[in-house]
Amino acid sequence: MSVKRTMLLAVATALVAVSPAAAGGSATITISHEMKGCHMWQIGNGELAPNLAVTLKSGTALRFVNNDIMPHKLIQSGGPKLTIVRPNMNRLSAVASVKLTRKGTYRFTTEPGEDYKIFAGHKTIGEDYVLHLTVHVK
Ligand SMILES: [Cu+2]
């Protein structure tokens with residue numbers, strides 16, 4: 001197994017057990033720009049990962065902040081239907097949000113756009129990650 005492949009596996013999936021927020025609490029997941037794969041999820045100050053699973057308490061207001069160098073449209077790909085507020089995160093530090101009122105397992109991905117003009121020609125390593133997020137709401 002090459003070093004490159006080993007590294008890929010190491011970052012492939014991070015399971016993050018987050019202490020549940022108090023009822024009516026909030027949580028923030030950032031899409032941050034990374035050299036390798038261009039972008040990854042991060043909850044709070046947690047580990048960076050393109051595939052992330054988190055557990056949150058029902059009633060949590062979940063915010064997404066796009067700090068990548070490209071737009072991301074937040075898409076719900078599974079779970080009880082949610083209303084995503086401002087899903088088109090198409091500028092630096094754009095925020096989308098959902099209110100997790102119902103228990104269940106929710107899945108999200110994003111549809112990335114082109115690099116913002118000011119970052120045109122910016123180099124990253126490897127293919128851009130396709131982001132997948134699983135949120136267990138208990
Ligand atoms: Cu990116």
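Author: In this predicted model, threonine 30 has a relative accessibility of 15%, which is under the 20% limit and therefore counts as buried. Threonine 30 belongs to strand 2, which covers residues 26-34. Setting aside residues up to four places away in sequence, threonine 30 touches Met40, Trp41, Gln42, Val65 and Asn67.

Serine 32 is a further member of strand 2. Serine 32 is likewise buried, because its relative accessible area of 11% is under 20%. The side chain of serine 32 forms a polar contact of 2.9 Å with the side chain of glutamate 34. Apart from its neighbours within four places in sequence, serine 32 is in contact with Cys38, His39, Met40 and Leu48.

The copper ion is coordinated by SG of Cys38, ND1 of His39 and OD of Asp68, at 2.0 to 2.2 Å. The spacing of these donor residues in sequence is C-H-x28-D. Cysteine 38 lies in strand 3, whereas aspartate 68 lies in the loop between strand 5 and strand 6 (72-78), so this pair ties together parts that are 30 residues apart in sequence. Cysteine 38 and aspartate 68 are both buried.

The strands named so far can now be placed in their sheet. An open sheet of four strands has the order 3-2-5-8, and its pairing is mixed. Strand 3 and strand 8 are at the edges and have a single partner strand each, so one side of each lacks a neighbour in the sheet. On average, neighbouring strands of this sheet are turned by 20 degrees against each other, with direction ignored. Strand 2 and strand 5 run parallel and are joined by seven bridges. Serine 26 stands opposite alanine 61 of strand 5.

The largest nonpolar core has 27 residues, of which Trp41, Leu62, Phe64, Leu100 and Val135 touch the most other members. Two or more residues of this core come from each of strand 2, strand 3 (38-43), strand 4 (51-56), strand 5 (60-67), strand 8 (94-100), strand 9 (104-112) and strand 10 (132-137). Strand 8 gives the largest share, four residues. In soluble globular proteins, nonpolar side chains tend to be buried together. Trp41, listed above among the contacts of threonine 30, is also touched by phenylalanine 64.

Tyrosine 129 is buried, because its relative accessible area of 14% is under 20%. The side chains of tyrosine 129 and lysine 36 are joined by a polar contact of 3.4 Å. Tyrosine 129 and proline 50 are 79 residues apart in sequence, yet they are 6.3 Å apart in space from C-alpha to C-alpha.

Methods:
Residues are numbered from 1 along each chain as its sequence is written. This is a predicted model: local features need pLDDT of at least 70, side-chain atom pairs count only at pLDDT 80 or more; totals for chains, interfaces and linings use all residues. Side-chain values use heavy atoms; hydrogens and water are left out. Buried means under 20% relative accessible area, exposed over 50%, partly exposed in between (1.4 Å probe, protein chains only). Contact means heavy atoms within 4.5 Å. A nonpolar core is a set of buried Ala, Val, Leu, Ile, Met, Phe, Trp, Tyr and Cys residues joined through side-chain atoms within 4.5 Å. Two strands pair if DSSP finds at least two bridges between them. Axes are lines fitted to C-alpha atoms, for helices over the stretch in contact, and angles run from 0 to 180 degrees between N-to-C directions. Donors are N, O and S atoms within 2.8 Å of the metal (3.2 Å for Na, K and Ca); water is not among the atoms, so sites may look incomplete. A polar contact is a pair of N or O atoms within 3.5 Å; within protein, one must be able to donate a hydrogen and the other to accept it, and residues adjacent in sequence count only if both atoms are side-chain atoms.
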